[in-house]
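Please walk through the structure below one part at a time. Keep the sequence at hand as you read.

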Protein chains: 2
Amino acid sequence: MPNVNPDRLLTDLDALRAIGAQGTGVVRPAFSAKDMEARRWLARKFADAGLETTIDGVGNVFGRSRRAGPALLVGSHSDTQPTGGWLDGALGVVYALEVVRALADDPATAQLPVDAISFQDEESRFVGCLGSRSFVGSLSPEQEAAAIDRDGVTLADALAGAGLAATPRLRGDPARHCGFLEAHIEQGPQLEDDAKRIGVVTTIVGVRGLRIIFRGQQNHAGTTMMARRRDAAAALFDYASAVNREFPRIAAARSVWTMGRVQVVPNATSIVPGYAELDLQFRDADDTVLDAMEALAERLVAEANRQSGVRLELQRARAPIAPTRMDGTLRRHLAAAAERHAPGQWLEMPSGAFHDAGIVSARLPAAMLFIPSIGGISHDFAEDSRRDDIVLGCRVLADAAASILGSDLRG
Amino acid sequence: MPNVNPDRLLTDLDALRAIGAQGTGVVRPAFSAKDMEARRWLARKFADAGLETTIDGVGNVFGRSRRAGPALLVGSHSDTQPTGGWLDGALGVVYALEVVRALADDPATAQLPVDAISFQDEESRFVGCLGSRSFVGSLSPEQEAAAIDRDGVTLADALAGAGLAATPRLRGDPARHCGFLEAHIEQGPQLEDDAKRIGVVTTIVGVRGLRIIFRGQQNHAGTTMMARRRDAAAALFDYASAVNREFPRIAAARSVWTMGRVQVVPNATSIVPGYAELDLQFRDADDTVLDAMEALAERLVAEANRQSGVRLELQRARAPIAPTRMDGTLRRHLAAAAERHAPGQWLEMPSGAFHDAGIVSARLPAAMLFIPSIGGISHDFAEDSRRDDIVLGCRVLADAAASILGSDLRG
């Protein structure tokens, strides 16, 4: 069995945390000086572990085993949110490093080929999952040309600033890899609520986004009588309330929907608003549930248009993300390893958040493992996990990697 | 009867419109170069009409009759919204000029003292009704020190920039004036809807403002299940919907309420909002109706606090404006003049918008006259009134001024 070294693992996680640390959190957005410093540090660690290491033209750090393939690819991302937690994707990247070392340390597994990767910009400074999209070949030139961060910096400028403008980009070779494993913190409270220590991901939930536009008539808030008003905000309030009243009737047990963005124009206390926008995002592991939610959102728009002087228009705000089922064989290896290391203390669960594994799964069998987030907190300086859970997660991952590579999966 | 000269009146309105004209609209915010140019133009016109004229230290243009008092004060304001209409308060200022001239032209009224005024900053660049507040002595040093426009310019800087820093401020002398008459466009559609040509204002409606604060918990929109959420925006949507559902049960026929400003934090499509604010403003001519609306808003906050994980807090956002009844004697003179010039074509109505007359009425008997706004449009480049309504309004105002000054009102 691979011999995960807890001290080595936790020491490296702490060393990575120190790069961009602010209080208990980490500030290491993609292509920032600290992000690139972390990637160079990872490259040295990958090389020290015996991997042939490169930082490619989008900043992906790839460590290639010197063993013959097909290899198992293991990793996640080391960039963070603008005010990020210290684990998030960094956990899965240091896990990959430790899995490589743990397998190498045991003569029984030393010949098994594991490649390690830290993808770039999973956190959407420019393009969500930029690095894995580039790796699987699904990043379009149009998407890249339009990529700009919230301060107006273009992706091209960020690449140039990081010294990557002339660096080749790595494209995953399907013949090289038999699968991809990603470990991550849960970023939610389910494991903690259920007193479990390991989650084996069944599906990365699908996400759809709608934008509802409300067009009324801007008016003076003193002289325009109620019967004459075509108040865009009033129509928005009623629509959003109706969504929250009606969606539970068709939602599945773990469906979620969010109306987190509201724009009211001119947004002045004393002016009847003539225009408003509402974003409605919803997620579920099942496309038929997503279809039902979208149909209900459309029906509520049609009903409002029959009743009100405000005109509602429904726009599909972005390309929907389909639910992504994790590979059954890889999941069974993860589940068996979880049962060996934490009998009865693991469960199968969907991922409500999106991950690089959702991108990679289009080209490779992919699966994911979660460890608990204390209080369910993530994307926040307060993000943390128990040290024994961190060590347990790495043991499960290393054991699963060995069993996958030791099985007939490599064909 | 005073002899209003339609050509002179319309020519002067057009000349004033040309100062700051943009297309069909006028851009003449308080203390801008165009506003001060307009005030100097008005001062010349007041002087040409025989008045002793000054521009005071807040920019009020005051023309004092050389006749013995008590005099009748007539006027409005010549500053505009950032994208204003050409009539608005400018109508009432040029009416005042024409009333002075029309009374002077007729030997029967030539001895009657009419003072004319254009107040400064009625439109709230710095302080709503700044000029009339200063004139009646209700502008506090604290209010003035805190006054800053939306571009960060302080009132003190604007006064200095307009060359007024060292100019004395005019305080109304109660012994000088027996009353104040203000004419204005209606800024709403009621006169047009009822096919009337003159409105005699009964009351300037009271305005109260509340701000509802919603405190929940910010969370990840993918990993936070619905049952766990404390979504500040969802609570806001429900509260605002409940206001629009419940308020009609207690509102009077001409009550209005507006929720024109919404803030959601962080206002991102994919984040469950932890904080939100909603402004609720309501207006009525009757304090008991305003009390009932405020009590209902409070009851809905209490009900929401019993039901939801989001904590609501109700703040009174600014000093309420009490309904202001116009002076009964002055109103009867306006009504009688309206009936003489437009028999059956006038009505009594409250003003839903606030006006300088609301400030002046605290110190002097005050009354207001409205002429129709085409389509009810105001504070917009499209603002307009029919030329025959403009002339009629001035005739009614001049006639009422003469009858007020010819009656025993002057004591």
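Which residues in α1(A) meet which residues in α3(A)? On the α1(A) side they are A:Arg8, A:Leu9, A:Asp12, A:Leu13 and A:Leu16. Their partners in α3(A) are A:Ala90, A:Val94, A:Leu97 and A:Glu98. The residues of this contact divide into 6 nonpolar, no polar and 3 charged. Note that this is a predicted model.

## Helix packing in chain A

Two packed helices are described by the angle between their axes and the distance between the axes. Helix α1 of chain A covers residues 6-18. Helix α3 of chain A covers residues 88-105. They pack at an angle of about 135 degrees. Their axes are 10 Å apart. Angles over 145 degrees count as roughly antiparallel, and 65 to 115 degrees as roughly perpendicular. The pair α1(A) and α3(A) is therefore oblique.

The table sets out both pairs.

| Helix pair | Angle | Axis distance | Crossing |
|---|---|---|---|
| α1(A) and α3(A) | about 135 degrees | 10 Å apart | right-handed |

Which residues in α3(A) meet α12(A)? They are A:Leu91, A:Tyr95, A:Glu98, A:Val99, A:Ala102 and A:Leu103. In α12(A) they meet A:Ile390, A:Gly393, A:Cys394, A:Leu397, A:Ala398, A:Ala401 and A:Ala402. By class, this contact has 11 nonpolar, 1 polar and 1 charged residues. A:Glu98 meets α1(A), and A:Glu98 also meets α12(A).

## Helix α12 in chain B

Now turn to chain B. Helix α12(B) has 20 residues, 387-406. At 1.5 Å a residue, α12(B) should span 28 Å. Its end C-alpha atoms are 29 Å apart, which agrees. Is α12(B) largely enclosed or largely open? Of its 20 residues, 16 are buried, so α12(B) is largely enclosed by the rest of the structure.

## Where the chains touch

How many residues of chain B are in contact with chain A? The count is 45 residues of chain B, against 45 residues of chain A. Several elements of chain B each supply at least two residues to its side of the contact. They are α8 (232-250), β11 (256-258), β12 (262-265), β13 (271-272) and β14 (275-284). The largest share, 7 residues, comes from α8(B). By class, this side has 19 nonpolar, 19 polar and 7 charged residues.

A:Leu236 is found in helix α8 (residues 232-250) of chain A. A:Leu236 counts as buried, because it has 31 C-beta neighbours inside 10 Å; the cut-off for a buried residue is 20 or more. Apart from residues up to four places away in sequence, A:Leu236 touches A:Phe214, A:Val262, A:Ala276 and A:Leu278. A:Gln187 is 49 residues from A:Leu236 in sequence. In space, their C-alpha atoms are 31 Å apart.

B:Val310 lies in a loop of chain B, between α9 (287-307) and β15 (311-316). B:Val310 is buried, with 25 other C-beta atoms within 10 Å. B:Val310 and B:Ala235 are 75 residues apart in sequence. Their C-alpha atoms are 6.7 Å apart in space. Neighbours within four places in sequence aside, the contacts of B:Val310 include B:Phe214, B:Arg230, B:Asp231 and B:Ala235.

## Backbone details

Which peptide bonds are cis? One runs from B:Gly69 to B:Pro70, with omega near -5 degrees. B:Pro70 is found in the loop between β4 (61-64) and β5 (71-77) of chain B. Another runs from B:Val265 to B:Pro266, with omega near 5 degrees. B:Pro266 sits in the loop between β12 and β13 of chain B.

A:Asp88 is not a glycine, yet has a positive phi of about 40 degrees. A:Asp88 is in helix α3 of chain A. With 26 C-beta neighbours inside 10 Å, A:Asp88 counts as buried. In chain B, phi of B:Asp88 is near 35 degrees, again a positive value in a residue other than glycine. B:Asp88 lies in helix α3 (residues 88-105) of chain B. B:Asp88 is buried, with 26 other C-beta atoms within 10 Å.

Definitions and conventions. Residues numbered from 1 in each chain as written. Chains lettered and ligands numbered in written order. Predicted model: local features only at pLDDT ≥ 70, side-chain atom pairs only at ≥ 80, totals over all residues. Axes fitted to C-alpha atoms, helices over the stretch in contact; angles between N-to-C directions. Helix = DSSP H or I, 4+ residues; strand = E, 2+ residues; numbered from the N terminus. Parallel < 35°, antiparallel > 145°, perpendicular 65-115°, else oblique. Left-handed = near helix turned anticlockwise from the far one by under 90°. Contact = placed C-beta atoms within 7 Å. Nonpolar A, V, L, I, M, F, W, Y, C, P; charged D, E, K, R; others polar. Expected span 1.5 Å × (residues − 1). Buried ≥ 20, exposed ≤ 12 C-beta atoms within 10 Å, placed from the backbone.
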